Amino acid sequence: MPDGTTIQRMFAEVAPGYDRANRALSFGIDVWWRRKTVQLVAVRPGEHGLDVCAGTGDLSFALQRAGATMVGADFCAPMLSRAHAKGVQQVRAGRPAGPVFLAADAMALPFADARFDFATVAFGIRNVADPVVALREMARVVKPGGRVVVLEFTKPRVPVLGHAYRFYFKRILPKLGSWICGARNDAYRYLHDSVMAFPEREAFLELMRAAGLANPRQRLLTGGIAAIYRGEVQR
Ligand SMILES: C[S@@+](CC[C@H](N)C(=O)[O-])C[C@H]1O[C@@H](n2cnc3c(N)ncnc32)[C@H](O)[C@@H]1O
């Protein structure tokens, strides 16, 4: 597992092409996965939400459009500045202001206890040095009874899909990703390796329990290529 500084550097380098690469490499399915995540968060108007490892802010914006007032947090400045630029563009186009974005480490969130109604993280928890610490931090800043929702890659277990996925993910995606982002580093090889190594399904639900979250559940997406996990903060 690379250290925090290496992760920051890796995302800083891919930041300019990150959104473009996401759309191209997932054939646009990542947009649908975030939409499903918003549905599972089940935002009530006026709620306050925190999106951790927010990156360029796609999930934060989607949750804000659903009626929440959002804060997006990430520890990589170039990713955050893309998110911020999208908000500026939105206002210039006459649409409502976007989320507030700020620099923060997921493992030491700079917020008071019970500050938010829910917290989310999309494709970020896998990159954090200690996922249980980050989940515990997310639970701490959410009100009792609130929810913590995680969108993350999983490994498909359906035989044909599994083979095709592994070939694409290991052989094609790292080359395409580096090409689209013009990145010299191994960010997209790291993507493959980190997904293969990360606890998924039942094992991830165990991490949620270890972080003190109640009733952890999972919902597999697209034949088990991704999953949404949802837990509740103990009352
Ligand atoms: C794959 S991107 C996901 C971005 C966004 N959530 C999305 O759905 O596209 C992972 C993000 O996690 C951030 N990240 C990784 N470890 C972090 C940490 N410990 N604290 C804050 N952000 C972190 C990276 O800077 C990067 O922007």
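A crossing of two helices is called left-handed if the near helix is turned anticlockwise from the far one by less than a right angle, and right-handed if it is turned clockwise. Everything in these close-ups comes from a predicted model, where local features need pLDDT of at least 70, side-chain atom pairs count only at pLDDT 80 or more, and totals for chains, interfaces and linings use all residues. Residue numbers start from 1 along each chain, following the sequence as written.

**View 1. Helices H7 and H8 pack with a right-handed crossing.** Helices here are DSSP runs of H or I with at least four residues, strands are E runs of at least two, and both are numbered from the N terminus. H7 and helix H8 (residues 187-197) pack at an angle of about 150 degrees, with axes 7 Å apart. For these values, axes are lines fitted to C-alpha atoms, for helices over the stretch in contact, and angles between N-to-C directions run from 0 to 180 degrees. That makes H7 and H8 roughly antiparallel to each other (angles under 35 degrees count as roughly parallel, over 145 as roughly antiparallel, 65 to 115 as roughly perpendicular, and the rest as oblique). On the H7 side, the contact uses Phe-169, Lys-170, Leu-173, Pro-174, Gly-177 and Ser-178, and H8 brings Ala-187, Tyr-188, Arg-189 and His-192 (two residues are in contact if their C-beta atoms, placed from the backbone, lie within 7 Å). Sorted by class, the contact of H7 with H8 holds 5 nonpolar, 3 polar and 2 charged residues. In this sorting Ala, Val, Leu, Ile, Met, Phe, Trp, Tyr, Cys and Pro are nonpolar, Asp, Glu, Lys and Arg are charged, and the others, Gly among them, are polar.

**View 2. Helix H2 packs on helix H7.** H2 (residues 18-25) and H7 (residues 159-181) pack at about 145 degrees, and their axes are 9 Å apart. H2 goes past H7 in a right-handed crossing. From H2, Tyr-18, Arg-20, Ala-21, Ala-24 and Leu-25 meet Leu-173, Leu-176, Gly-177, Ile-180 and Cys-181 of H7.

**View 3. Helix H3 crosses helix H4.** The axes of H3 (residues 29-41) and H4 come within 10 Å and cross at roughly 50 degrees. H3 and H4 are therefore oblique to each other, and H3 passes H4 in a right-handed crossing. Arg-34, Arg-35, Thr-37, Val-38 and Val-41 of H3 meet Asp-58, Leu-59, Ala-62 and Leu-63 of H4. By class, this contact of H3 with H4 has 5 nonpolar, 1 polar and 3 charged residues.

**View 4. Helix H4 is largely enclosed by the rest of the structure.** The reason is that 7 of the 8 residues of H4 are buried (buried means 20 or more other C-beta atoms within 10 Å of a residue's own, exposed means 12 or fewer, and partly exposed is in between, with C-beta atoms placed from the backbone). The buried set in H4 is Asp-58, Leu-59, Ser-60, Phe-61, Ala-62, Leu-63 and Gln-64. These buried residues pack against H3, strand E1 (48-52), strand E2 (69-74), helix H5 (77-92) and E4. After H4 comes Gly-67, with a positive phi near 120 degrees.

**View 5. The ligand sits among 20 surrounding residues.** The closest are Cys-53, Gly-55, Cys-76, Ala-106 and Ala-122 (a residue is near a molecule or strand if its C-beta atom, placed from the backbone, lies within 6 Å of it). H1 (4-14) and H4 (58-65) each supply at least two residues of the shell around the ligand, and the largest share, 3 residues, comes from H1. By class the shell has 13 nonpolar, 4 polar and 3 charged residues.

**View 6. The loop between strand E4 and helix H6 holds Phe-123 and Ile-125.** E4 covers 116-122 and H6 covers 131-141. Phe-123 has a positive phi near 55 degrees without being a glycine, and with 22 C-beta neighbours inside 10 Å it counts as buried. Ile-125 is buried too, with 23 such neighbours. Leaving out residues up to four places away in sequence, Ile-125 touches Pro-131, Ala-134, Val-150 and Glu-152. Ile-125 and Cys-53 are 72 residues apart in sequence, yet 7.6 Å apart in space, C-alpha to C-alpha.

**View 7. Thr-222 lies in the loop between strand E6 (213-221) and strand E7 (226-233).** Although not a glycine, Thr-222 has a positive phi of about 50 degrees. Thr-222 is partly exposed, with 16 other C-beta atoms within 10 Å.
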